[in-house]
Amino acid sequence: MNSQKILMPRLSNEWLSLIGGEFEKPYYQKLKEFLDKEYNSNTIYPEADDIFNAFQYTPLHSLKVVILGQDPYHNDNQAHGLCFSVKPEQKKIPPSLVNIYKELALDLACTIPNNGHLKHWADQGVLLLNTVLTVKAHSANSHQKQGWEIFTDNVIQALDTLDRPIVYLLWGKPAQTKQAMLTNKNHLILQAPHPSPLSAHRGFFGSKHFSKANAFLEKHALSPIDWQIPHI
């Protein structure tokens, strides 16, 4: 594989101006060395070209909402660089995303789509960011504590400096640990249990985060997100 894809991804100039310095730091160089070995010796998800899709699909100037995930999906033909999202040809929708769709139906009367491809959100300014951006196939959490958490924490802190309204949806305890980094009074932080089947019934269902996010955006004269995922 071409390690340059990991060393300096194809990000827009506006994203590079905000976070480009991360790619020069010692922790990232160590992370790159680790990923070079992993991609050359194991099956790693997502594909190298897709690692930074969250940034490539959502221009910084249009960013309105941040959803934080954890690990990429580690089963075949799922992960493509957006948290909670799977590739369009993957017809089996993961359980957490099934519950996200259920909450959307309760909150905004969205219909349940026939796919789990969330690029429609990313295109509208929803940054779908995992805290760890790669994973070894069939081995959950296998790339934790290799440097990705430093990278994504620094991304979150950089976004907090932006002087415009942004909504953060923090689902589950790992995402909620990031709240301490978010001090910008222009931003809205919404927290709920994770949409996993193990915890969704503890308060994710009925949280109405999607309508609350849109109300906040409209209050600040921004267009709301069309949360309805199209059928394909």
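Leaving aside its neighbours within four places in sequence, with which residues is Ser 199 in contact?

**View 1. Ser 199 in its loop of the predicted model.** In this predicted model, Ser 199 is found in the loop that runs between strand 6 (188–192) and helix 9 (209–219). Once neighbours within four places in sequence are set aside, Ser 199 is in contact with Pro 193 and His 194. Ser 199 counts as buried because its relative accessibility is 11%, and the cut-off for that class is under 20%.

**View 2. Leu 60 and its contacts.** Leu 60 belongs to the loop between helix 4 (53–57) and strand 2 (65–69), and with a relative accessibility of 8% this residue counts as buried. Apart from neighbours within four places in sequence, the residues in contact with Leu 60 are Glu 14, Trp 15 and Leu 18, together with Leu 159, Leu 162 and Arg 164. Asn 13 is 47 residues from Leu 60 along the chain, yet the C-alpha atoms of these two residues are separated by 9.6 Å.

View 3. Helix 3 covers residues 26–41, which is 16 residues, and the distance from its first C-alpha to its last is 23 Å, close to the 22 Å expected at 1.5 Å a residue.

**View 4. Aromatic pairs between helix 3 and helix 7.** A search of the whole structure finds 19 aromatic pairs. One of them is formed by Tyr 28 and Trp 148, an edge-to-face pair with 6.3 Å from centre to centre and 75° between the planes. This pair links distant parts of the chain, since Tyr 28 is in helix 3 and Trp 148 is in helix 7 (residues 148–160), 120 residues apart. Both Tyr 28 and Trp 148 are buried. Tyr 28 also forms a tilted pair with Phe 151, at 6.0 Å centre to centre and with 50° between the planes, and this second pair again joins helix 3 to helix 7, across 123 residues. Tyr 28 counts as buried at 0% relative accessibility, and Phe 151 likewise counts as buried at 0%. Ring pairs link Tyr 28, Trp 148 and Phe 151 into a cluster that also includes Trp 15, Phe 23, Tyr 27, Phe 52 and Phe 55.

**View 5. Lys 119 over the ring of Tyr 57.** The charged end of Lys 119 sits over the ring of Tyr 57, at 4.9 Å from the ring centre.

**View 6. Trp 227 in the largest nonpolar core.** The largest nonpolar core has 73 residues, and the members that touch the most others are Ile 67, Trp 121, Phe 151 and Trp 227. With neighbours within four places in sequence left aside, the contacts of Trp 227 include Ile 67 and Trp 121, and among the others are Val 65, Leu 104, Leu 108, Cys 110, Phe 210 and Asn 214.

**View 7. Cys 83 and Cys 110.** The count of disulfides comes to zero. The sulfur of Cys 83 has its closest cysteine sulfur in Cys 110, 17 Å away, which is too far for a bond, because a disulfide requires the sulfur atoms to be within 2.5 Å. Cys 83 counts as buried at 0% relative accessibility, and Cys 110 is also buried, with a relative accessible area of 12%.

Technical notes: Residues numbered from 1 in each chain as written. Predicted model: local features only at pLDDT ≥ 70, side-chain atom pairs only at ≥ 80, totals over all residues. Heavy atoms only, no water. Core = buried A, V, L, I, M, F, W, Y, C linked by side-chain atoms within 4.5 Å. Buried < 20%, exposed > 50% of the residue type's maximum accessible area, 1.4 Å probe, protein only. Contact = heavy atoms within 4.5 Å. Helix = DSSP H or I, 4+ residues; strand = E, 2+ residues; numbered from the N terminus. Expected span 1.5 Å × (residues − 1). Phe/Tyr/Trp six-rings, centres within 6.5 Å; stacked < 30°, edge-to-face > 60°. Lys NZ or Arg CZ within 6 Å of the ring centre and 35° of its normal.
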